[in-house]
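Me: I am new to this structure and would like to learn how to read it. Could you take me through it feature by feature?

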Amino acid sequence: MTAMTCAHDDQLVRRWVELAGEPAARFGRELISRYREPHRRYHTAEHLARMLDFVDFLEAGAESSGPVPRTPSIAVRYAVWFHDAVYQVDGPGSSGPGNEERSARLAGEVLRAMGLPGALAVEVSRLVRCTAEHRVHTTDHDGAVLCDADLAILGSGDRAYRRYAEQIRQEYRAVPEPQFRAGRAAVLRSLLGRIAIYNTARARALLESKARVNIAAELERLTTRA
């Protein structure tokens, strides 16, 4: 592990301690180690940090979002930490719970082990499950914030988006190219088919248009490449 990586992880530990308290620091370190698993390329500790930053960004704009502004809850912040805690690329024909379900179950187990209220553990697990489809009810503010933070990369600049797409391919490097392209294209078409990719007004205003341009460009690359 490089000095830069260690410093980055130390910053993440501090953010975890701000949320969960010093006695729970070991749980934060264990989560960070999951995001440092060698098979990951995009779903890493850097992705975790960017999501935490985006939640902060949405919270900072909450005072101008309506007559009764809402800010992300503690449950959202815990859900960010756990949403990709389990990340495995299963092979064709695999069965059993997916990464989101396994991450949700882990969240419940860890939060209860930390002595946090059962209702909070249940809510965090629910939020983590929302990231499987990134679809939430219009009244689900916390789910909206979490899903928008997870999809914020879609509205990034050209170079950042291309890097993200490359990292996703690297994570699925064991999947044959034709199969990967077909599966990835299906995901992208599903996103483009939505009325809105983002759920919060602030994310839509900032990212929606660029995300659609990025997704359409990647879809064209996937479907026209020989």
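Predicted model: local features only at pLDDT ≥ 70, side-chain atom pairs only at ≥ 80, totals over all residues.

Me: How exposed is Arg-26, and what relative accessible area does this residue have?

Reply: Arg-26 is partly exposed, with a relative accessible area of 47%. Buried means under 20% relative accessible area, exposed means over 50%, and partly exposed lies in between, using a 1.4 Å probe and protein chains only. Residues are numbered from 1 along each chain as its sequence is written, and side-chain values use heavy atoms, leaving out hydrogens and water.

Me: Which residue forms a salt bridge with Arg-26?

Reply: Side chains of opposite charge can pair when their charged atoms come close. A salt bridge is a side-chain nitrogen of Lys or Arg within 4 Å of a carboxyl oxygen of Asp or Glu. Here the partner is Glu-30, with the closest N and O atoms 3.4 Å apart. Glu-30 is itself partly exposed, at a relative accessible area of 42%. Helices are DSSP runs of H or I with at least four residues, numbered from the N terminus.

Me: Where else can I find pairs like that?

Reply: An α-helix has 3.6 residues a turn, so residues three or four places apart point the same way. In helix H6, Arg-126 and Glu-123 are three residues apart, about one turn, and their salt bridge has its closest N and O atoms 2.9 Å apart. Arg-126 is partly exposed at 32% relative accessible area, and Glu-123 counts as partly exposed at 24%. In helix H9, Arg-181 and Glu-177 are four residues apart, and they form a salt bridge at 3.6 Å between the closest N and O atoms. Arg-181 counts as buried at 18% relative accessibility, whereas Glu-177 counts as partly exposed at 29%. Salt bridges that share partners also join Arg-15, Asp-53, Asp-56, Glu-59 and Arg-77 into one network. The whole structure has 18 salt bridges.

Me: What does Asp-150 do for a partner, given that this residue is buried yet has no salt bridge?

Reply: For charge, Lys and Arg count as positive and Asp and Glu as negative, while His and the chain ends are not counted. The nearest side chain of opposite charge to Asp-150 is Arg-50, 9.1 Å away. Polar contacts are another thing to look for: pairs of N or O atoms within 3.5 Å, where within protein one must be able to donate a hydrogen and the other to accept it, and residues adjacent in sequence count only if both atoms are side-chain atoms. The side chain of Asp-150 makes one with the side chain of His-134 at 2.7 Å and another with that of His-83 at 3.4 Å. Asp-150 lies in helix H7 (residues 141-150).

Me: How long is H6, and what do its buried residues pack against?

Reply: The expected span of a helix is 1.5 Å times one less than its number of residues. H6 (residues 118-130) has 13 residues and reaches 19 Å from its first C-alpha to its last, close to the 18 Å expected. Its buried residues include Leu-120, Val-124 and Leu-127, and they pack against helix H4 (74-82), helix H5 (99-113) and H7.

Me: Is H4 mostly covered or mostly open?

Reply: H4 is mostly covered, with eight of its nine residues buried.

Me: Which residues have the most contacts inside the largest nonpolar core?

Reply: In soluble globular proteins, nonpolar side chains tend to be buried together. A nonpolar core is a set of buried Ala, Val, Leu, Ile, Met, Phe, Trp, Tyr and Cys residues joined through side-chain atoms within 4.5 Å. The largest one here has 63 residues, and those with the most contacts inside it are Trp-16, Trp-81, Phe-82, Val-124 and Leu-154. Helix H3 (residues 45-60) gives the most to this core, with eight residues.

Terms used
Helix = DSSP H or I, 4+ residues; strand = E, 2+ residues; numbered from the N terminus. Contact = heavy atoms within 4.5 Å.
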